[in-house]
Amino acid sequence: MLTVDAVDVFIQASHILRSVSLGVGPREVVCLVGRNGAGKTTTLRTIMGYLRPRAGGVEFRGHPIHGRRTHEIARLGVGWAPEDCGIFGDLTVAENIEIATRTRPGGRPATERIELAFRVFPMLRRYAGRKGPELSGGERKMLSIARALALDPELLVLDEPFEGLAPAIIPAVSEGLAAITELGRSILIAESNIHHVPEYTHRLYVIERGAIVFAGAQEDAWRDPGLARIIGSAT
Amino acid sequence: MSGRLVLALALGATVLAPLVAPTYHVLLMLPFMAYAVALLGLNLLFGYTGLVSFGHALFLGVGAYTGAFLTSVFKVRSMEVILVAAAALGALVAAPVGALCVRYVKIYFGMLTLAFGMVFYTFVLKFYRLTGGDEGMPFLRPTLLGRSIEGLPKTDYLAGPYYYYSLAVLVLATLVMWRIVHSPFGLCLKTIRDNPTKAETLGIGVARYRWCAFVISAVYAAVGGALLGPPTGNVDPTLAYWTQSGNIVFMTLLGGFASFFGPVLGAFVFIYLQDWVMSVVPFWRLIFGAILAAIVIAAPGGLAGLWVRRPSVEASSS
């Protein structure tokens, strides 16, 4: 589904990503874990076309996407929920979700996609008429993911979906993600808190100082004392 | 008072104005309606897309000169043909200009549009044989809906048939623009205004949408420019000068760019206030400027912003 192959990314003169490679298969849930500043968001922003790799490449469904514009990548079927949610404050919850069905037509009907987004996050249905500034942080996170889901993507890219959420709201977001995995979508999650990594994660990548230092099962990462120190301190 | 009621009252008053109001005030409504059409378009770019153009007088000029050329050179007197030609030419000019301008945002976009506006102004000013230079070109009385109204005195023509014709164009332009801003396209423009970077992640091609908004706004400005011609009977380069661009941006701010009807209200207040100040004081620009500045400072959301409720503020305070 998604292959990031030996990607090197520079921001101005700073070498941020160093030969980063990772993969997300069909129906897989993959987590990229690392401390703040390790390169998680830069990796996701490179996948989404905001940054261009100086070396290496990114492929989606077998086609290179690293030279493409962000909106083209989204239309290919990559949904993105950024860390800051990116909710459009002047639009209602319903409009925020609806707009994604208009910008990537085809596939499932718009009504079905909207209904699916509300089914995954039922709390949003009650606030359908509210605008972005009237939502709490958790509701914004849910809306951000619901909007990405309404794009009808094959792959969802979520940047720190649990960041800054009240403990009471985390189960609601987690249940929503579980429901999405049951729909058969692939998900790539960047997370700095190892305790937020869902138990249904198929594969874990640990990134440290711009380089992937581990790829494998979650439980294997804990067995490595060096890695356990990195991902443990990421909490 | 509900918005629909206010709108119905305003429309009713506008329809009845030629029957009850002094002719002078009725004639002042003509530039108001022409500017209102142009401002509906400008606000698609300004209020809904977040791009401030300081060169839209270019398209007012394109529309007005199209009408002048058609009536005085090509002897085409049909107002419908003039409006369609103005719209088409506005779009034709806006397509390449917009393609260059929408690559930039904020002050760079504004300055680039200003530069193109001044290029057009210089063109119509200097190409004397073609455009009449600073003397301008006559905009002969057009026929309305195929009916020639040559026998009617000019004032009666303008305060009667032409008044209602302009009103019909304004109503039609308003309905079309209402449909545009409430369509998925309008929603996409709002997302671009709010956060263009995030809008891209929804598959929105930001540059293409901005370009479309630019061309539509130019079409509206050109139609507004064509409507401005018959009342004066002459089109000259001042219509394309940068102060015109400044005026229409100011009208939008005055009425409130966050509201659909705000710019229309701004045009009305601007034109009548300007006329009133001119009639009472000799150094009217000084007073007029001070009054406008005071209004904008007292009502940063424009005049419409004083009336429109702000649900987010109310919700957060409750």
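How are α4(A) and α6(A) oriented to each other, roughly parallel or roughly antiparallel? The first legend has the answer. This is a predicted model, where local features need pLDDT of at least 70, side-chain atom pairs count only at pLDDT 80 or more, and totals for chains, interfaces and linings use all residues. Residues are numbered from 1 along each chain as its sequence is written, chains are lettered from A and ligands numbered from 1 in the order in which they are written, and side-chain values use heavy atoms, with hydrogens and water left out.

**View 1. Helices α4 and α6 of chain A.** Helix α6 of chain A (residues 137–150) packs on α4(A) at about 150 degrees, and the axes are 9 Å apart. Axes here are lines fitted to C-alpha atoms, for helices over the stretch in contact, with angles running from 0 to 180 degrees between N-to-C directions. So the pair is roughly antiparallel (angles under 35 degrees count as roughly parallel, over 145 as roughly antiparallel, 65 to 115 as roughly perpendicular and the rest as oblique). Helices (H or I, at least four residues) and strands (E, at least two) are DSSP runs, numbered from the N terminus. On the α4(A) side you'll find A:Arg113, A:Leu116, A:Ala117 and A:Val120, which meet A:Ala146, A:Leu149 and A:Ala150 of α6(A); contact means heavy atoms within 4.5 Å. By class, that gives six nonpolar, no polar and one charged (Ala, Val, Leu, Ile, Met, Phe, Trp, Tyr, Cys and Pro are nonpolar, Asp, Glu, Lys and Arg charged, and the others, Gly among them, polar).

**View 2. Helices α3 and α4 of chain A.** Here α3 (residues 93–103) and α4 (residues 110–120) of chain A have axes that come within 9 Å and cross at roughly 135 degrees. That angle makes α3(A) oblique to α4(A). From α3(A), A:Val93, A:Ala94, A:Ile97, A:Glu98, A:Ala100 and A:Thr101 take part, and they meet A:Ala110, A:Arg113, A:Ile114, A:Ala117 and A:Phe118 of α4(A). Sorted by class, this contact holds eight nonpolar, one polar and two charged residues.

View 3. B:Arg141 sits in the loop between β1 and α7 of chain B. With a relative accessible area of 18%, B:Arg141 is buried (buried means under 20% relative accessible area, exposed over 50%, partly exposed in between, with a 1.4 Å probe and protein chains only). Leaving out residues up to four places away in sequence, B:Arg141 touches B:Arg77, B:Ile149, B:Glu150, B:Leu152, B:Pro153, B:Lys154 and B:Tyr157. Its side chain reaches the backbone oxygen of B:Leu152 at 2.8 Å.

**View 4. B:Leu145, with a positive phi.** B:Leu145 is in the loop between β1 (137–138) and α7 (154–181) of chain B. Its phi is near 55 degrees, a positive value in a residue other than glycine. B:Leu145 counts as exposed, at 66% relative accessibility.

**View 5. A:Arg209, between two strands.** Look for A:Arg209 in the loop between β9 (203–208) and β10 (211–216) of chain A. Phi is positive here, about 50 degrees, although A:Arg209 is not a glycine. A:Arg209 is exposed, with 70% relative accessibility.

**View 6. B:Ser78, in a loop between helices.** The loop between α3 (57–72) and α4 (79–101) of chain B holds B:Ser78. B:Ser78 is buried, at 19% relative accessible area.

Conventions: A polar contact is a pair of N or O atoms within 3.5 Å; within protein, one must be able to donate a hydrogen and the other to accept it, and residues adjacent in sequence count only if both atoms are side-chain atoms.
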